[in-house]
Structure formats: structure tokens, C-alpha cells
Amino acid sequence: MDRRARDTARVTISDLSRALSLTKGTVSRALNGYPDISEATRNRVIRAAQAMGYRPLSHAQAIKTGRSCSLGLVVELSQYDAHRPFLAEFLAGLTQAASAEGWTLTIATSESESDTIRIMRDLVRDRKADGFILQRVLWEDPRIAYLERENVPFICYGRPKNREGMSYFDVVSEAAMADAITWLTHLGHERIGYIGSAPDYAYSHARRDGYRAGLAAEGLPFDPALMTEGALSPDHAAAATRELLALETPPTAILCATDTLARGVYEVANTLGLKIGSELSVIGYDGAPEGQAMWPRLATFAVDNRQAGARLGEMFIARMQDPEAPATQGVIRATFTPGGSTGRPTLTSDQLARHLADLAAVTA
């Protein structure tokens, strides 16, 4: 290579990776000072970068194209379920994908919907984010409307109402709800209640539709009295459970849109003296640690949020590298993890109603 070509050639993360026999992710994390990289490895990478004339890709591209090579993520803390069950694993996957390509992740928190829009605007204006990963997508999401209007790139973790031609990655939770119905009917349950989350969320529509599709597939009639939506907390779920169990023919099993809502079902069952797993079966969704701590252990559908974060990061960066490429869409399935919260019903619906009346009479 002549001197002029050598001077203009840009040394990349891949060049350092090959020279050092390290993965691109390790090299990137060493250069960005991540604490999980040893001091010896970090010093070795830095010395090699200096010797080879490496300059961070983000700086080079910022000069050429105005990009910062940074993914943006704004977490709204005011939401009821507030991301806590999945955020740590999701961020780990997202960070891993970004680091592997020499990108960074800019995370901000907001207190409200309007605050989120303002922060997004500021991050783009200050060149701290080239676009955004939208988690906890709403059915009709104002973030999407804003970003489309401003021509800011984004990708959704979820499937909103008007998703045709939109890039997204999601877990097909409707399939999980249908599978839950199949599981329960094969155990012998015929009256299955459903407690759904707020319809503002896109996932709420998918899970509700999955519940109804599961009933239809198993030849069970849909009874509107057995389905309630809008529950955002264990307290809301507890109130819904009391209403379901107060029916003349109560459900012998209850399917919940999240593990958090299943906590409310457990609370009411324990208060009434119902045995979970035999007199009342319960299934949740999320695979959250809280479900594994419940007794009996909650049957639930576990989601690989680390994989989801990694795929979203990879898909977003690929789109940025080829802006003319068509929208990319991908899905994965949740994994069912059985627990002691389900079993063959020891009581029919009519027997359960009488049993509840007897328990109420004892405690009156």
C-alpha cells in the first residue's frame, strides 16, 4: 500500500479485532471503558489502537454525515410496569449488539409522554442519538407519530396498530395465550378467565386476541363475563379476580397478561382459602423473577429479553447502514415454563361456586 493510501485508510474495530485476536465486542468495550473488561486487556487494546492509528467510528461518521453512531432509548418511569421485569436483560442485549458494531447506547429517563418527546428532540438536536429503540410500544404511539413526522429513524419492540411498512421486533404473545388455553383445556378446565392489561399497550391487544383465539381453537365459547381488561397492578388484578370468582359459574382457571397481574390472583386466592393449582389454576406471562418466587411456583411464558435487545440493536444498525433497504420485521416465541400453579381441576365451576360460598360463611 502506498503512503497516500495508507494515510487515508481508516482503521476499524474489525482491524483491531483481527490484529489482537479478540472479538469486536471485546475491543469496543475495552475502548469505551466498560468495567467487565480487565485492565490488562484494556491497556493492550488502547496501545494497539494508538499504534495502528485507530479513530472511533462515531467521530469519523459524525464529521462526514452528522451521525453520532449512537442508539437512543428513553425510559418513561411513570408507567405502571415501568420496565423493571425486563429492562436489565434487554439493555444487556442491546448494548452487546451496539458495541459489536462500534456504536454506543444513549439512555435517558422521562416522567411523562410529553417529556419523552422533548428528550428525543433534544438528543437528536445535540447529536447524541441517531434514532431510537421504542420499547413498551403503545397501540397508537405518539412517539411513532413524532419520529415519523421528523424523519428520525426508529424501530419498535412491539407491534403497534398501523405497523405495515414499519420496522419492528416482537414476541408473539398471542401464540402464548392460545397455548395457555390449550394447556388448561387438556388439564380439564372449561371455564377459563382472563385478566388483561391496559389496552393502551400494543401487547395487550395481542394477548387478548390470543386468549379468544385459543378458546375458539379448543371449541370453548367466549363468555365476555370471563374477560376483564385494564389491569395495571396486582391491586387491579385482585379486584378483577374477586369479580370473576363472584360469578354464578366462576372460572376454575385464570390466565393473566403479565406475571405482575398473577400476583393479584394469588393474593385473593390465599385470602379466600383457595388452593392454587387444584381449586384454581393460574398462568402468567413474562417469566419475571417475581413469578419464580411465588408459591406454588407460577406457570408462565418466559421471554428472552436479552435476545430481543440484541436483535433490535442489530436491525437498527443495519437499517442505518442501508437507509434505502425495506423495513425489517422479526418475531420470536416465548417459552412455557410449567409450575405448580396449574393442575387438573378438583372442582367443577358449580362446585367451586358452592365452595367459595362455604368459605365465605366460615370467615363471616
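Author: Here is a walk through the aromatic pairs, then the nonpolar cores, then a group of helices and a few backbone details.

Please keep in mind that this is a predicted model. Let's begin with the rings. A pair of aromatic rings is described by the distance of the centres and the angle of the planes. With centres required to lie within 6.5 Å, the count comes to seven aromatic pairs. Take Phe90 and Tyr157: their ring centres are 5.2 Å apart and their planes are at 5°, so this pair is stacked. The cut-off behind that word is an angle under 30 degrees. Now look at where the two partners sit. Phe90 belongs to helix H6 (residues 87–100) and Tyr157 to strand E4 (residues 154–157), so the pair ties together parts that are 67 residues apart in sequence. Phe90 and Tyr157 are both buried.

A second stacked pair is made by Tyr285 and Phe301, with 6.3 Å from centre to centre and 25° between the planes. Tyr285 is in the loop between strand E9 (281–283) and helix H13 (289–293), while Phe301 is in strand E10 (residues 300–302), so this pair ties together parts that are 16 residues apart in sequence. Are these two residues buried or exposed? Tyr285 has a relative accessible area of 1%, so it is buried. Phe301, with a relative accessible area of 2%, is buried too.

Next, let's step from the rings to the nonpolar cores. The largest nonpolar core has 68 residues. Which residues have the most contacts inside it? They are Phe90, Ile195, Tyr211 and Val282, so Phe90 from our stacked pair with Tyr157 turns up here again.

Now for some helices. The axes of helix H2 (residues 13–20) and helix H3 come within 9 Å and cross at roughly 110°; H2 and H3 are therefore roughly perpendicular to each other. Where they meet, Ile13, Ser14, Leu16 and Ser17 come from H2, and Lys24, Val27, Ser28 and Leu31 come from H3. Helix H3 (residues 24–31) also crosses helix H4 (residues 39–52), with axes that come within 9 Å at roughly 90°. H3 and H4 are therefore roughly perpendicular to each other as well. In this second meeting, Thr26, Val27, Ala30 and Leu31 of H3 face Thr41, Arg42, Val45 and Ala49 of H4.

Not counting residues up to four places away in sequence, Lys24 touches Ile13, Ser14, Ser17, Ser99, Ala100 and Glu101. Arg29 is also found in H3, and at 19% relative accessibility it counts as buried. The cut-off for buried is under 20%. The C-alpha atoms of Arg29 and Gln96 are separated by 8.9 Å, although these residues are 67 places apart along the chain.

Finally, a few backbone details. Most residues other than glycine have a negative phi, and most peptide bonds are trans. Ser21 has a positive phi, near 55°. Ser21 sits in the loop between H2 and H3 and is exposed, with a relative accessible area of 66%. Arg136 has a positive phi too, near 50°. Its place is the loop between strand E3 (131–134) and helix H8 (142–149), and at 16% relative accessibility Arg136 counts as buried.

Conventions: Residues numbered from 1 in each chain as written. Predicted model: local features only at pLDDT ≥ 70, side-chain atom pairs only at ≥ 80, totals over all residues. Heavy atoms only, no water. Phe/Tyr/Trp six-rings, centres within 6.5 Å; stacked < 30°, edge-to-face > 60°. Helix = DSSP H or I, 4+ residues; strand = E, 2+ residues; numbered from the N terminus. Buried < 20%, exposed > 50% of the residue type's maximum accessible area, 1.4 Å probe, protein only. Core = buried A, V, L, I, M, F, W, Y, C linked by side-chain atoms within 4.5 Å. Axes fitted to C-alpha atoms, helices over the stretch in contact; angles between N-to-C directions. Parallel < 35°, antiparallel > 145°, perpendicular 65-115°, else oblique. Contact = heavy atoms within 4.5 Å.
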